[in-house]
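Q: Could you walk me through a few local features here, with the cut-offs spelled out as we go?

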Amino acid sequence: MDRHMSYLQKHPSITRSRVNNFIGGGQWSDVNVQTALYDLRVSGEPHIRLEVWSAPGQERPTFGHAVRQKFRPAKVGQMFGPSWTTHWFRVHVQIPAQFAGKPVQFLFDSNSEAMVWSPSGEPIMGLTGGGGGERHVDYALTPCAAADEAPRLFFVEVACNGLFGNGNFTQRPQDRDIYYRLSSVELAAPNPAGWALLHDLEVVVEMAGRLPQESPRSWQALAAANGAVNAFERSDPATVEAARGITQEFLSVPGNPAGHQVYAIGNCHIDTAWLWPFAETRRKTARSWSTQLTLMESYPEYRFTASQAQQFEWLLHDYPSLFARIQDKAKAGQFIPIGGTWVEMDCNIPSGESLARQFLLGQRFFKKHFGQTCDVFWLPDTFGYSSQLPQIVRLAGARYFFTQKLSWNNINRFPHTTFRWIGLDGSHILTHMAPSETYGAQCRPGELIDSLGRHKDLAYTNESLFLFGNGDGGGGPLRPMLERLRRMANTDGLPRVKQAHPREFYRHVEDNSKQLVSWKGELYFELHRGTYTSQSNNKLWNRRAEFLLRDAEMLATVAAMGHGGRGGFVYPADELARLWKLVCLNQFHDVVPGSSITMVYRDSAEMYADIFESATAIRDRALSSIYGPPAPHGAGLSVLNTTGWVRSDIVAIPPAEYSRLETGSDLVQVRASDGAILVPAINVPGFCAQPIDARIRAAPLEVGAVSVVASADGSHVLENRFVRVAVNAKGQIESYYDKDARRELVPKGAAANVFELYDDVPVFWDAWDIEIYATEKYRQLDGAEVSVADRGPLVASLSVRVPISDGSVLTQTISLSGISPRLDFDCDVDWHENRKCLKVSFTWDIHSDVATYETQYGALQRPTHRNTSWDMAKFEVCAHKFADLSEFGYGVALLNDCKYGHATLGNTMSLSLLRAPKAPDEHCDMGRHQFRYAIYPHAGTFSESNVVQEAYQFNVPLVQLSAHDVTGAVAGASRPFFSVTGARNVVLDTVKLAEDDGASYIVRMYEAYGGHARAILTSRLPAADVCKVNILEEPMDGARSNEDMGIRWLDHSRSLEVQFKPFEVISLRFSA
């Protein structure tokens, strides 16, 4: 018997431990393969001399500014900080003679992020200090040193933050100051053979551990790894090659040509803001992408992709030479712009038009700077996917979709990997979710094994995408990943791997797959449901910005196209584009969802203030151009209706403006809360302005009496000609009686407008998650004070004070007007809680298995029961301006002006109002909040109602025009700019000037209720020709006539008949 024979088959776990120890660090690093990685290492003077200049405060100075400053001596071991500061190092290097003939690296570990710069100011490479898989501290100085190397000078820009921001984001205070140690600065000569052996063994050892334990290939891998350990002797460099001979023999066995094919693509998913501010992302992008350009020189097969046009634009502005290098690599096919959107946006909160602008801005940028648009919609890390995305993606010129986020579901496993996703309108896109279930793979055998083992659609397609590289905080792929990928490209036991453009993968699936399965409707994410509610004010500003820009664009278009325009109004295309970029930027999937640090929301608040100021100025200039400037002492007041239908409202006029009115009517009221003058604006046509004065005199025909009556038990009754509402002494609605329908809406013993305070402590993701168990623990909040605020004749209202805790209180005004059955709730909350969630609930005498929720460009139904785990998982869902619960003949809608978290269980609807998470922003939602919601009862089902229009009106107030002459000062200006008739289910949502064409304008409409329609669109603007276009404003199908696409001019008119399919979005380009 051979007493030196290996008995690893008898003790495989021991051998696995042995070979793992051989490649790892730790206590064995002085005797294992780590000893073969470097031939030489030196540090300190005279080899390296360091100088540093520290920028003041949190400034991030340019290279040109930094190098002109006075530098001071620096040394290893010094601490630099505090957090978010910048320190520029001037580095003098003299490579010693003993390095002659060897490659030389500069190793710099600041335990933070850094960037190497050339003496001429060229960004060269990013560095990431510290430990872990993200560590990258080596910068190659030369592939082969000479004996008499000249001195070298370069710079290192050190950012005092880690790849993931300012330390552990769950620790408080989160804005604490952290200092970073410059722990090592060295010159090193790496041993290529030693590194090659390490990379061989990283693959072989993991194959031994991850392949089926009884498979021959697993035993072969373990034997090869064990043999390499036996062959290696650290004191004899020649044994490295002997050990490699063993590993290479194992790796050279080719894989099954009919086996699974993996398409690998490098990426460094960079969150545009998250645990770091926007300003740091600008530097992260440069650090990460410059590193990838360097790797491409050594690995010609390497393919890298990057999304988010905003990051490219920042790079173009901040690092133009680096941007030019990226353009060159894009032409060569190695650097691949992808995605087609401005940022990787949230897909729950943004409006339909916001999603359209993400693509319009993104695709135009990529077309301008890289010569083509993107056909792959790339969104690996967003918290759910709207059912209208397939249609929007197709209208934006893309046809494929990639994500992986649904692998995070915490209740159900999503059943598909490669499938056709069918949207709300029937549009479909080829969709793939990486079965490796990550966008940050490290190129290890186990990840490839998972790409096969977790693939759920192998019956139809035998390929998958594989995204690798450090992400979230950037960094991207590293050299060891590419080395491992080379070794795994074609070796028995693993799927075959090739680096390729994602488009190649999708086209191969299209050409070779067999009857792919389909998924209809939203891709609901069973996690991060708290993102519908966190950072309440940010969501409010987002909603307001969307509607303000809608009005500003529409009115600017009317003014610029000459419909009553005065003074040569010039459409501010560049400024509107800038504002839309800001809106889209703040819709990034960690900003508007509420999951970023405090610094991000300070920046975001400033951006929204900029948007409101500029967009309001544009709107007001356009109004002055259309109607003439307000007269300083003019009489009269008008209102402009920017929705597309006739509407009536009660308008609140500042007291200073009231003197302009000569009403001759008793239908005027002073509001108790602020002294505003309330007047009726009755039957204001859509897209048209109308004087208030004359209509007030006619208003008694339209405005009924409204009253409020108090009872001795503290309850109150609000009543008008439509409804009678009983509010108890707690501020809750005990009765809501519809007079016309003769129907009581609140079941006996139940109530509506019930405030509930829930414990809100998730498993881990604080700002992100509301867990299902949160519904189990709550207490009901009762109003302590209810009093009459207004008694009519236009509005009757109650003031309700609801103590929440010792530190928080809610004050609410409940209002009923004389013109509508709608009941409004205006809330003012002083909120200071810890891990609590405030909800309001409404129980109705309505029976339905589904509730209807507004989504982008439409509405969808979700179950009101929890029959299955899939139903149960939707215990909190996203909706926009309304949720509706209807049965045959009747329904109730819950409207809101900025809330997105909804739930309907049985006959109880609830709305999430505020949360109080403490990470990553410990100040999240602390302070004052003002928001509104409303109850709108209606006859008929949702599809038979006008809920969509009512929700618009709740969010889009009439625009007040002081002393403008809207009747005769400008010819035609008193008529509607546009009208849509013949189809009440069609909404005209957007009017804007066409991109790059001041003589054309775009009108975008959608079918809102889920039915076919023939709408008659009339435009008062010049319209000699019309063309159906996509979101990019390109003709939909040049080979088809307008009539073939459902568009035709009506004879002898300025009107156009447009045919719609259910939930279809149609964009028309009118040319003068």
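Predicted model: local features only at pLDDT ≥ 70, side-chain atom pairs only at ≥ 80, totals over all residues.

A: Residues are numbered from 1 along each chain as its sequence is written, and side-chain values use heavy atoms, with hydrogens and water left out.

Q: How many disulfides does a search of the whole structure find?
A: The search finds zero disulfides, a disulfide being a pair of cysteine sulfur atoms within 2.5 Å.

Q: Switching to Asp 649, where is it found?
A: Asp 649 sits in strand S24, residues 647-653; strands are DSSP runs (E, at least two residues), numbered from the N terminus. Its relative accessibility is 16%, so Asp 649 counts as buried.

Q: Which side chain does Asp 649 have a polar contact with?
A: That of Arg 647, at 2.5 Å. A polar contact is a pair of N or O atoms within 3.5 Å; within protein, one must be able to donate a hydrogen and the other to accept it, and residues adjacent in sequence count only if both atoms are side-chain atoms.

Q: What else is Asp 649 in contact with, leaving aside neighbours within four places in sequence?
A: Its partners, by heavy atoms within 4.5 Å, include Val 679, Pro 680, Ile 819 and Leu 958.

Q: Now Ser 118, where is its place?
A: Ser 118 lies in the loop between strand S7 (113-117) and strand S8 (123-128), and its side chain makes a polar contact of 3.0 Å with the side chain of Ser 120. Not counting residues up to four places away in sequence, Ser 118 touches Phe 63, Ile 124 and Phe 155.

Q: Last one: how far apart are His 432 and Phe 99?
A: They are 333 residues apart in sequence and 49 Å apart in space, C-alpha to C-alpha. His 432 belongs to strand S19, residues 428-433, and is buried, with a relative accessible area of 0%.

Notes: Helix = DSSP H or I, 4+ residues; strand = E, 2+ residues; numbered from the N terminus. Buried < 20%, exposed > 50% of the residue type's maximum accessible area, 1.4 Å probe, protein only.
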